[in-house]
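Welcome! Take a moment to turn the model around on your screen, and then we will walk through it together.

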Amino acid sequence: MYWERDSETMPRDRLEELQLTRLRETIERASKAPFYEKAGLRDYSISSVSDITKLPFTTKQDLRDAYPYGMISVPLEEVVRLHSSSGTTGIPTVVYHSRGDIQRWTELVCRCLFMIGVRKHDVFQNMIGYGLFTGGLGLHYGAERLGCLTIPTGPGNTKRQLKFMKDFKATVIHVIPSYALHLADTLESMGIVPKDEFPNLRSAILGAEPHTEETREKIENFFGIQAFNSYGLSEMNGPGVAFECPEKNGMHIWEDAFLVEILDPDTLKPVGTGEHGELVITTLSREAMPILRYRTKDLTSIIEDPCPCGRSHRKIVRITGRSDDMMILKGVNIFPMQIEAVLNGMKHVGRNYQIILESRGHNDHMIVKVEVDSSLSIEDYKALESLRANIVRELRDEILISPEVVLCEPGGIPVAQGKAVRVLDNRSI
Ligand code: AMP
Ligand code: ZN
């Protein structure tokens, strides 16, 4: 029932002792990284885990400022892997791993998979991006370590995806929720009944983007399977940070590897027990790149009640949103500022723009409305079309998604009274 019984069911007092030991080790290690060197970490006295509040925060911008090697706390020859956050903002946020880091990450993923009943006889089809993004390789290593037949299809290529699921009798799939819905649409349009086509399919792991309970139910009902929520972020390895157990009521966050705080995003003070706020995480077992008090900007709360599954690590509720303006489309992180920066650098583009997100079928669709400036005649159709095509190309290079670009005349986009409303998210999931 447990991959690592002792670690997963450790009594809370022992778990907290372990956290304290690991927190001290983490601070010691972190102080060797150029980024943390100036923070004088050795001067902080830590006598209990709650002393974490004395330590400085780390933000995505800090990681960018420390690019490329400012966060490294071991000699370079001990680093074996580098990953990066999805999406591309000028300077990416990179995360390095030692061999031990990869092993510990793999074990955490094994805990998650084992928890939902995945075993060595399973056929695991991994429909999530490989490469710099952590979702593919993270789950891949765990599934292989468990002994599953692991099929690295990655995302997309829906026809081949469905053929492999059928021919190799996939029992477990890892997929971003919007793509699972797209698979459902495709099957429906082909008149295929999932239970007939994939009689062995049992579970889906849904990760990388926010989704609702209704979306989970839609996926479960359509495929006739169980679906489990998987939360992670590249700064904290990737997948394997928090994962639903069979109770499907919150995600266990592995507290021997991650020290969690829930803070009010404005005051940065701890919220009351069980209250909602920003998830802030400190790594407890990372060697190559320990991170202190990382502001994930993800909003959630902690479930303090013990879980009937017997695991002592507390659970967080489904992520309800973000405290910043990051959008996630098809599993890719995009900030409005990336779009603004591209538009600002282009000739004939006016001051105002707006991003509209919609669901087309079950696919995310982005419309970018852009005002042209008065130097371009709105009757010069050829010039307008060429500008539109240019904007699409430049945006695709930056955000990896081709948006629909709609040009408007100067003043054509209503100006908000207060803060500009740059993003209208009309998506249904
Ligand atoms: P990345 O660093 O590219 O892996 O992106 C991590 C971000 O994806 C997180 O900070 C969350 O905002 C989002 N994310 C990942 N998994 C989930 C999930 N299960 N539910 C909601 N958001 C998620
Ligand atoms: Zn549980």
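What percentage of contacts in the protein between residues at least 6 apart in sequence join residues at least 24 apart? The answer is 67%, where a contact means heavy atoms within 4.5 Å.

## Before we start

This is a predicted model, in which local features need pLDDT of at least 70 and side-chain atom pairs count only at pLDDT 80 or more, while totals for chains, interfaces and linings use all residues. Residues are numbered from 1 along each chain as its sequence is written, chains are lettered from A and ligands numbered from 1 in the order in which they are written, and side-chain values use heavy atoms, with hydrogens and water left out.

## The overall picture

The protein has 12 helices and 21 strands. Here helices (H or I, at least four residues) and strands (E, at least two) are DSSP runs, numbered from the N terminus. With a radius of gyration of 23 Å, close to the 22 Å that the globule rule gives for 429 residues, the protein is as compact as a globular protein of that length. That radius is taken over C-alpha atoms, and the globule rule is 2.2 Å times the number of residues to the power 0.38.

Along the principal axes, the C-alpha atoms fill a box of roughly 75 × 60 × 45 Å. Of the 429 residues, 54% are buried; buried means under 20% relative accessible area, exposed over 50%, and partly exposed in between, with a 1.4 Å probe and protein chains only.

## The zinc site

Now find the zinc ion (ligand 2). Its donors are Cys-245 (SG), His-252 (NE2), Cys-307 (SG) and Cys-309 (SG), at 2.1 to 2.3 Å. Donors are N, O and S atoms within 2.8 Å of the metal (3.2 Å for Na, K and Ca); water is not among the atoms, so sites may look incomplete. In sequence, the donor residues follow the spacing C-x6-H-x54-C-x1-C.

Why is the arrangement around the zinc ion (ligand 2) tetrahedral? The four donor atoms subtend angles of 101 to 119 degrees, and four donors count as tetrahedral if all angles lie between 85 and 135 degrees. Cys-245 is buried, with a relative accessible area of 0%, and His-252 is buried with a value of 0% too.

## Two open sheets

Strands of a sheet pair through backbone hydrogen bonds, either parallel or antiparallel. In this report, two strands pair if DSSP finds at least two bridges between them. One open sheet has nine strands in the order β4-β3-β5-β6-β7-β8-β9-β14-β13, with mixed pairing. Its edge strands, β4 (149-151) and β13 (302-303), each pair on one side only. Within this sheet, β7 (residues 226-233) and β8 (residues 238-244) are antiparallel, with three bridges, and Leu-233 has Gly-238 in β8 as its bridge partner.

Another open sheet has four strands in the order β10-β11-β12-β15, and the pairing is antiparallel. β10 (258-263) and β15 (321-322) each have a single partner strand, so one side of each is left without a neighbour in the sheet. Two bridges join β12 (residues 294-300) to β15, and Asp-298 is the bridge partner of Arg-322 in β15.

## An enclosed strand

Finally, look at β19 (residues 363-372). Eight of its 10 residues are buried, so β19 is largely enclosed by the rest of the structure. Nine bridges pair β19 with β18 (residues 349-360) in the antiparallel sense, and Val-349 stands opposite Val-372. β18 and β19 form a hairpin with two residues between them, and Gly-361 in the turn has a positive phi of about 60 degrees.

β19 also runs parallel to β20 (residues 404-408), joined by five bridges. Here Val-370 stands opposite Leu-407 in β20.

Conventions
Four donors count as tetrahedral if all angles lie between 85 and 135 degrees; four count as square planar and six as octahedral if opposite donors are over 155 degrees apart and all others between 65 and 115; anything else is irregular.
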